[in-house]
Amino acid sequence: MARADTLPPMPETDAMAPERARELERLARLAHTLDARWRIPVVGVRVGLDGLVGLIPGVGDTLAALPSAYVILRGWQLGARRRVLARMVGNTGIDYLIGTVPLVGDLFDIGFKGNLRNIRLLRDELGARAEATD
């Protein structure tokens with residue numbers, strides 16, 4: 001089972017257009033930067049820009065939600081179904097709403113990793129749909 005702060009490599013499928021695969025990898029790198037870019041020494045927990053920017057009172061969580069919204073937009077443009085997009089919006093909404101609670105939200109941001117969850121959903125969706133078209 002994959003850890004919450006890492007993503008397995010994108011499976012190679014002939015059916016998936018190379019451009020789509022490259023875009024998914026680019027989005028996966030963005031999600032990794034947002035959720036798990038740096039390891040906290042001693043504790044070993046990974047944190048990204050989402051958790052760090054979320055520490056800024058008032059605007060931090062809103063600023064961190066902007067790249068998350070971009071991932072959802074790109075998922076829509078890549079052809080993800082509404083059900084998958086709704087789950088992605090739910091992950092981002094939970095991350096945003098709980099993230100606004102001082103201290104508790106910051107700790108939640110470190111553990112929830114909504115962007116990595118969204119990339120997994122996109123990979124599962126688009127990879128499965130590409131295999132179905134064979």
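Helix H3 (60-77) and helix H4 (82-99) each put at least two residues into the lining of the largest cavity. Helices here are DSSP runs of H or I with at least four residues, numbered from the N terminus. This is a predicted model, in which local features need pLDDT of at least 70 and side-chain atom pairs count only at pLDDT 80 or more, while totals for chains, interfaces and linings use all residues. Residues are numbered from 1 along each chain as its sequence is written, and side-chain values use heavy atoms, with hydrogens and water left out.

**The cavity**
- There is one cavity of 30 Å³ or more in the structure; on a 1 Å grid over the protein atoms alone, a cavity is a set of points where a 1.4 Å probe fits but cannot get out.
- The largest cavity holds about 70 Å³ of space, where a volume is the space filled by probe spheres set on grid points joined across faces, edges and corners.
- Its lining is made up of Asp50, Asp61, Ala64, Ala65, Ser68, Thr92, Asp95 and Tyr96; lining residues have an atom within 4 Å of a point.
- H3 gives the largest share of that lining, with four residues.
- Sorted by class, the cavity lining has three nonpolar, two polar and three charged residues (Ala, Val, Leu, Ile, Met, Phe, Trp, Tyr, Cys and Pro count as nonpolar, Asp, Glu, Lys and Arg as charged, and the others, Gly among them, as polar).

**The pocket**
- About 160 Å³ of space sits in the largest pocket, a pocket being an open set with protein on both sides within 12 Å along at least five of seven lines.
- Of the 14 residues lining the largest pocket, Ile56, Pro57, Gly58, Asp61 and Thr100 lie nearest its centre.
- H3 and H4 turn up here too, each with at least two lining residues.
- The pocket lining splits into seven nonpolar, five polar and two charged residues.

**How the helices pack**
- H3 and H4 pack at about 180° with their axes 10 Å apart, so they are roughly antiparallel (angles over 145 degrees, on a scale from 0 to 180 between N-to-C directions, with axes fitted to C-alpha atoms over the stretch in contact).
- Among the H3 residues that meet H4 are Asp61, Ala65 and Ser68, with Thr92 and Tyr96 among their H4 counterparts; contact means heavy atoms within 4.5 Å.
- That H3 and H4 contact has eight nonpolar, five polar and one charged residue.
- The axes of H4 and helix H5 (residues 104-112) come within 8 Å and cross at roughly 150°, which makes H4 roughly antiparallel to H5.
- On the H4 side, Asn91, Ile94, Asp95, Ile98 and Gly99 meet Gly105, Asp106, Phe108, Asp109 and Phe112 of H5.

**Confidence**
- The chain averages a pLDDT of 85, and 83% of the residues score at least 70; pLDDT is the predictor's confidence in each residue, from 0 to 100.
- Among the elements, H4 has the highest mean pLDDT (95) and helix H6 (residues 114-132) the lowest (85).
- Residues 10-14 fall below 50, and this stretch has five contacts beyond near neighbours in sequence.

Note on methods
Parallel < 35°, antiparallel > 145°, perpendicular 65-115°, else oblique.
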